[in-house]
Amino acid sequence: MADRFPPHINMDTPSIARMYDYLLGGKDNFEADREACEELAKGIPELVAFANDNRAFLGRAVEYVSRQGVEQFLDLGAGLPTTENTHHVAQRANPRARVVYVDHDPIVLAHGRALVTDSAGTAFLMADIRDTDQILSAPETHRLIDTDQPVCVMLVSLLHCLPDESDPFGMVRSLLDRLAPGSCVIFSHIVSDDPEAAAWMTEKIHSFGTPWGRVRSPEEASAVFSGLELVSPWIDGRDQGPRAVDCATWRHPDREPLQRPDDPEIKRWEMSGVAFKR
């Protein structure tokens with residue numbers, strides 16, 4: 001399988017993108033990635049459901065935003081392509097939708113470019129997601145994204161990958177300041193209301209030698225919504241007001257929105273929300 005990847009890839013250190021691919025049932029991962037996931041699963045038995053619920057949230061959120069008339073998507077930290085990627089969902093809802101995927105992993109770039117060769121409205125950009133100047137000035141972005149019109153910034157399972165010293169929430173504010181009113185964020189972040197559980201997952205991932213940030217509290221992660229207008233997580237007809245919720249329950253047709261999982265034994269979840277710049 002290694003001959004399918006760029007030759008300079010480190011196959012011995014787990015990659016968050018490849019670990020996520022493994023949890024979603026993909027094949028673009030190495031033994032180190034699989035072993036890291038199995039090690040994490042010893043302390044987080046719901047890990048596979050965790051990843052799949054987050055992926056399903058992405059689909060529901062992209063469809064929702066598309067139905068609100070947003071036609072441009074900047075998918076930061078896109079990860080390895082799988083089924084129902086952002087452009088699949090957005091362009092099904094609106095054939096005019098344009099998507100720029102951004103990632104710094106060369107494996108993601110190689111697979112992503114192969115995926116979108118037949119889509120004029122989609123591009124992959126290899127860039128540091130913290131470098132908003134590079135992202136907005138790139139030819140791929142200029143071709144597809146008009147910052148004078150609303151843009152959806154995808155921050156799905158991303159900011160917990162960035163350490164505090166990278167100022168992830170400041171990066172988001174800097175980017176949104178340069179986008180038109182009507183722009184929005186689709187956001188999910190691993191959180192915990194149990195400091196010990198948060199520290200265990202953070203330290204475990206760092207022990208793999210994998211660059212990462214940390215599990216944050218729901219209050220810390222909520223900083224991303226500062227100055228934005230949150231969308232209600234309820235489907236029409238059951239609206240009880242805007243709030244961030246567990247991604248497994250955000251506008252899910254068969255689940256009541258919950259701010260944390262019902263089961264008190266579940267110590268970590270992905271807090272999620274969609275919010276607009278007005």
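How many of the nine residues of β8 are buried? Nine of them are, leaving this strand mostly covered. Keep β8 in mind as you explore this predicted model, since strands β5, β6 and β7 pair with it.

**The overall build**

- You can find 10 helices and eight strands in this protein.
- With a radius of gyration of 18 Å, close to the 19 Å that the globule rule gives for 278 residues, the protein is as compact as a globular protein of that length.
- If you follow the C-alpha trace along its principal axes, it spans about 45 × 45 × 35 Å.
- Of the 278 residues, 56% count as buried.
- The protein exposes about 12300 Å², and carbon and sulfur atoms supply 50% of that area.
- Take the contacts between residues at least 6 apart in sequence: 67% of them join residues at least 24 apart.

**Strands side by side**

- β5 and β8 pair in the antiparallel sense, with nine bridges between them. To see one spot in this pairing, look for V185, whose bridge partner in β8 is A275.
- Strand β6 (residues 229-230) also pairs with β8 in the antiparallel sense, over two bridges. Here L230 stands opposite A275 in β8.
- Strand β7 (residues 245-246) runs antiparallel to β8 and is joined to it by two bridges. The bridge partner of D246 in β8 is M271.
- β2 and β3 run parallel, and five bridges join them. Y101 stands opposite F124 in β3.
- Four of the five residues of β3 are buried, so this strand is largely enclosed by the rest of the structure.

**The nonpolar cores**

- In soluble globular proteins, nonpolar side chains tend to be buried together.
- The largest nonpolar core here has 36 residues, and L74, L76, V102, L155, L159 and F187 touch the most other members.
- Both strands and helices contribute: among the elements that each supply at least two residues of this core are β1 (72-76), β4 (152-156), α6 (132-137) and α8 (168-177). The element that gives the most is α8, with five residues.
- Leaving aside residues up to four places away in sequence, L159 touches P168, F169, M171, V172, F187, H189, R216 and V224.
- There is also a second, separate core of 26 residues, and Y64, V70, A97 and C152 are included in it.

**Aromatic pairs**

- How many aromatic pairs does the protein have? The count comes to four.
- One of them is Y64 with W250, an edge-to-face pair at 5.8 Å centre to centre, with 85 degrees between the planes.
- Y64 and W250 are both buried.
- F187 and F225 form another edge-to-face pair, at 5.4 Å centre to centre and with 85 degrees between the planes. This pair links distant parts of the chain, with F187 in strand β5 and F225 in the loop between α10 (218-221) and β6, 38 residues apart.
- Are F187 and F225 buried or exposed? Both are buried.
- Ring pairs also link F57, Y64 and W250 into a cluster.

How values were computed
Residues numbered from 1 in each chain as written. Predicted model: local features only at pLDDT ≥ 70, side-chain atom pairs only at ≥ 80, totals over all residues. Heavy atoms only, no water. Core = buried A, V, L, I, M, F, W, Y, C linked by side-chain atoms within 4.5 Å. Buried < 20%, exposed > 50% of the residue type's maximum accessible area, 1.4 Å probe, protein only. Contact = heavy atoms within 4.5 Å. Pairing = 2+ DSSP bridges. Rg over C-alpha atoms; globule rule 2.2 N^0.38 Å. Areas by Shrake-Rupley, 256 points an atom, 1.4 Å probe, with all protein chains shown as cover. Phe/Tyr/Trp six-rings, centres within 6.5 Å; stacked < 30°, edge-to-face > 60°.
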